[in-house]
Amino acid sequence: MTSSYILPAAPGERSLTSRRHRDRLAAGAFFAITLLPLLILVAVVIALAVRSWPLLQVDSLGNLLLGQVWKPLQGKFGFFPFIVGTFWVTLLALVLAVPPCLLTAIYLAEYSRPRTAAIAKPLLDLLAGIPSVVYGVWGMVTIVPLVGRIKPAVAAALGFIPLFRSDNPTGFSILAGSIVLAVMIAPFIIAVTYEVLCNV
């Protein structure tokens, strides 16, 4: 009668097997974490489709996107003015923000003293970390009244351009939104351009 005897694994082999098992678990966990943003995106799309389905049964997507009239109580949901307004606010904010931000980044990277750049960099990071709702409140309290005061003069000088016509007597306008957005994106533009210039 022969007895089968299995030799125990050496300590080094046990640790190698345990490490491989932990690596497989970690790889699976990282794969699941990587899929999480995709799953969130799919969930958001499904939720939007489910919530918008009653509206799409009333009107077509083309009419919703290209409609000019926004009267929800009358069943008119024209999104086109909001889309165009967003486009103009973004474009004007870039026109206001990009030139001074590029010049500031060039100055900090090429001409300023190291002490000046060392002081400015944390301030830019601090400004970039401010939540957008704080910028929005600042715009409502400060920028909107200021634009309301200068709007008649701007409309008198540039009224031939549709963007600057004074149809709205208050300061709530594309210009006010563009100024707030320009101030909000300025720290990001300066910081990114500064890092690029320092690495080139």
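**Core first.** I looked up the largest nonpolar core and found 13 residues in it, with Ala97, Cys101, Leu108, Ile190 and Tyr194 having the most contacts inside it. For my own record, such a core is a set of buried Ala, Val, Leu, Ile, Met, Phe, Trp, Tyr and Cys residues joined through side-chain atoms within 4.5 Å. Buried means under 20% relative accessible area, exposed over 50%, and partly exposed in between (1.4 Å probe, protein chains only). Helix H3 (80–111), helix H4 (114–128) and helix H6 (174–199) each give two or more residues to this core. Helices (H or I, at least four residues) and strands (E, at least two) are DSSP runs, numbered from the N terminus.

**What I'm working with.** This is a predicted model, where local features need pLDDT of at least 70 and side-chain atom pairs count only at pLDDT 80 or more, while totals for chains, interfaces and linings use all residues. Residues are numbered from 1 along each chain as its sequence is written, and side-chain values use heavy atoms, with hydrogens and water left out.

**Cys101.** I skipped its neighbours within four places in sequence and got contacts from Cys101 to Ala186, Ile189 and Ile190. Contact here means heavy atoms within 4.5 Å.

**Helix H4.** Which residues of H4 are buried? I get Ala117, Ala120 and Leu124. They sit on the same side of H4, because they cover an arc of only 70° around the axis, the arc being that of the directions from the helix axis to the C-beta atoms. H3 and H6 are among what covers the buried residues of H4. Arg115 and Leu126 are exposed, on the face turned away from the buried side. I also checked the length: at 1.5 Å a residue, the 15 residues of H4 should span 21 Å, and the end C-alpha atoms are 21 Å apart, which agrees. The expected span is 1.5 Å times one less than the number of residues.

**Val95.** Val95 lies in helix H3. Is Val95 buried or exposed? It counts as exposed, at 52% relative accessibility.

**Whole chain.** I count 6 helices and 2 strands, running α-α-β-β-α-α-α-α from the N terminus. Of the 200 residues, 16% count as buried.
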